Amino acid sequence: MKTTYTRICGSALALALFVSGALADATDYRFDLVSSEHRVGSGAILEVRLTDLRTGAPVEGAVIYATRMDMAPEGMATMTTPVTAMPTEMPGTYRFATDLTMAGGWRFSVAAKVQGEAETVSAEIELRAEP
């Protein structure tokens, strides 16, 4: 009886450890800026890549549900500009159009839901707009 109980407890513990290790966390993902040149003007294209840090693989099909572009790096967080999602050609890459109305530092905030992940994956990415 004691041996059976020990096996059941050991199996339950092993299963719990396996499941907890298999579940991802929002910190297992990262958004990185792909586009490197950002010029002042309307219709500036911003590209970001979402990567699963556990595998290094790009994450496709994330649902981007919140974006914001502001000039917080310049001390002007209330100066915002619209962001519009655009079609993408590369797996795990997400494209956006925005109006960079003046030169300087900009902050792009993005939040996404990844399939199978309970937590929101979010990032604040800084970039510079050049004249």
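This is a predicted model: local features need pLDDT of at least 70, side-chain atom pairs count only at pLDDT 80 or more; totals for chains, interfaces and linings use all residues.
Q: How many bridges join E4 to E5, then?
A: There are 3 bridges between E4 and strand E5, which covers residues 76-81, and the two strands run antiparallel.

Q: And which residue in that hairpin takes a positive phi?
A: That would be Gly75, with a phi near 80 degrees. The hairpin of E4 and E5 has 4 residues between its strands.

Q: What about E4 and E8, how many bridges there?
A: E4 and E8 are joined by 7 bridges, again in the antiparallel sense. One of the residues involved is Asp70, whose bridge partner in E8 is Arg107.

Q: Switching over to E6 and E7: which sense do they pair in?
A: Antiparallel, over 4 bridges, with E6 spanning residues 83-86 and E7 spanning residues 93-100. Met86, for instance, has Arg95 of E7 as its bridge partner.

Q: Which residue takes the positive phi in that hairpin?
A: Gly92 does, near 80 degrees. Between the strands of this hairpin there are 6 residues.

Q: Now aromatics. How many aromatic pairs are there in the whole structure?
A: The search finds 1. The partners are Phe96 and Phe108, in a tilted arrangement with 5.1 Å centre to centre and 50 degrees between the planes.

Q: What parts does that pair tie together?
A: Phe96 sits in strand E7 and Phe108 in strand E8, so the pair links parts 12 residues apart in sequence.

Q: Are those two buried or exposed?
A: Both Phe96 and Phe108 are buried.

Q: OK, on to the largest nonpolar core. Which residues have the most contacts inside it?
A: Phe31, Leu50, Met69 and Phe108, in a core of 25 residues. At least two core residues come from each of E1, E2, E4, E7, E8 and E9.

Q: Which strand gives the largest share?
A: E9, with 5 residues of this core.

Q: You mentioned Leu50. What does it touch?
A: Leaving out residues up to four places away in sequence, Leu50 touches several residues, including Tyr29, Phe31, Pro58, Tyr94 and Val121. Gly92, the positive-phi residue of the E6 and E7 hairpin, is also among the residues Leu50 touches.

Q: Last one: why does Ser109 count as buried?
A: Its relative accessibility is 15%, and buried means under 20%. Ser109 lies in strand E8, residues 104-113. Beyond neighbours within four places in sequence, Ser109 is in contact with Ala66, Thr67, Arg68, Ala123 and Glu124.

Key
Residues are numbered from 1 along each chain as its sequence is written. Side-chain values use heavy atoms; hydrogens and water are left out. Two strands pair if DSSP finds at least two bridges between them. Buried means under 20% relative accessible area, exposed over 50%, partly exposed in between (1.4 Å probe, protein chains only). Contact means heavy atoms within 4.5 Å. Rings of Phe, Tyr and Trp (its six-membered ring) pair if their centres lie within 6.5 Å; planes under 30 degrees apart count as stacked, over 60 as edge-to-face and the rest as tilted. A nonpolar core is a set of buried Ala, Val, Leu, Ile, Met, Phe, Trp, Tyr and Cys residues joined through side-chain atoms within 4.5 Å.
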